[in-house]
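Here is a brief report on a protein with its ligand. It starts at the ligand shell and then turns to the sheet.

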Amino acid sequence: MSDSATDDEGGATGAVDDVTGTAGRAGAGTGDGTRAVRAGLPEPVKHEPTLPGPVFAAHFHLPGDPTGPYTYGRDENPTWTLLERAVGELEAPGRDDAETLVFASGMAAISAVLFSQLRTGDVCVLPDDGYQALPLVRAQLEAYGIEVRTAPTGGDAQLDVLDGASLLWIETPSNPGLDVCDIGRLAEAAHARGALVAVDNTLATPLGQRPLELGADFAVASGTKQLTGHGDVLLGYVVGRDAEAMAAVRRWRKIVGAIPGPMEAWLAHRSVATLQMRVDRQSATALAVAEALRERPEVTGLRYPGLPDDPSHEIAARQMRSFGCVVSFTLPTRARADRFLDALRLVDDATSFGGVRSTAERRGRWGGDAVPEGFIRLSVGAEDPEDLVADVLRALEASAD
Ligand SMILES: *Cc1c(COP(=O)(O)O)cnc(C)c1O
């Protein structure tokens, strides 16, 4: 939460301390649940709400010299400030070198890091099995004269293409394949070559994995998924520990205007309070669902990093604190997969993941991901585990040929 990230219009200061005058009260407890419910809350003020409501302001009263913290609504907003502090306390607890910026969506955050850090002639390493929009990003980077190399997430294969790179982009666990790579090992190799390292932490959430502690320079995520968890908000964030790099990310947000609305920021902050409960419940149920699916003969390619015999488990167990809410697997045919999705009663056929209501989809319907026709990505919600497992098993029976 650096105050040094000013830009030439003087408006974009890290305004956190101006709002609360303290380093935050979450430090009073160290458990994830305690940190989540208190994250980003201001000091109590008599007659004020615990979590102040959204501040709707395009501009702020600003007589005299236009100094921060609050000048114009594209540069700063007090509702963002509190949310940024909350995300920072979860992604980088106890680190005062970390700064957090919130964005309109996960893609806004991802683009902000890539396009603010890379220049023509630079080399960037991306995963080839990551988020669906990365190929579009790749094309855009290449259009700007940036060389893009890709390698799979599994087996730390990105190590082999790092020479000469200035930025390494990691997505672990990868979406939708759920491969995992060793963040610490990759970060060390990248840093030895002078490259910055960014980790897409969407799937794990900051309670499941803390990339900065594992050596990354940036933790970037879509808050649209489990961070907010109700399927009603689009949001993104970047947490970084290099003040100069973060100043460039902040400048990018200002130039592009990829800012969250105050209402979205407030809803997100309100939702973060229940993150630990949701993560706990959803990852425990995801494991139960994966264990049930493992017994089924029509299920192949089952992946869940929390399963002890999953190819990702060993590294995941070392670097993750919980294993996420997504389970992926393949049914024999596209028709079987469609019938299965249709037969589910507690699981909506919808894209995205991380919400309190379970969703599933046949991922191949989008094109773009290298997955079999019968590949299902199932996002486990907060339903009772026994109800959800029963629904999945019943839908498998009902969809049999
Ligand atoms: C959804 C997602 C994104 C993009 O986030 P939006 O909020 O939809 O822009 C990026 N990375 C991963 C891993 C995602 O799942």
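## Ligand shell

By class, five nonpolar, six polar and three charged residues make up the shell around the ligand. Nonpolar means Ala, Val, Leu, Ile, Met, Phe, Trp, Tyr, Cys or Pro; charged means Asp, Glu, Lys or Arg; the others, Gly among them, count as polar. Of the 14 residues around the ligand, the nearest are Met-107, Asp-200, Ser-222, Thr-224 and Lys-225. A shell residue has a heavy atom within 4 Å of the molecule. Helix H4 (residues 106-117) gives the largest share, three residues.

This is a predicted model: local features need pLDDT of at least 70, side-chain atom pairs count only at pLDDT 80 or more, and totals for chains, interfaces and linings use all residues. Residues are numbered from 1 along each chain as its sequence is written, and side-chain values use heavy atoms, with hydrogens and water left out.

A backbone N or O atom of Met-107 sits 2.8 Å from a ligand oxygen. The side chain of Ser-222 places an N or O atom 2.8 Å from an oxygen atom of the ligand. For the side chain of Asn-175, that distance is 3.2 Å. The protein covers 93% of the 380 Å² of accessible area that the ligand has on its own (Shrake-Rupley method, 1.4 Å probe).

## Sheet

Seven strands form an open sheet with mixed pairing, in the order E1-E7-E6-E5-E4-E2-E3. Strands pair if DSSP finds at least two bridges between them. Strand E1 (99-103) and strand E3 (147-151) are the edges. Strand E2 (residues 123-127) pairs with E3 in the parallel sense over five bridges. Val-125 has Arg-149 in E3 as its bridge partner.

Key
Polar contact = N/O pair within 3.5 Å; in protein donor to acceptor, adjacent residues only side chain to side chain. Helix = DSSP H or I, 4+ residues; strand = E, 2+ residues; numbered from the N terminus.
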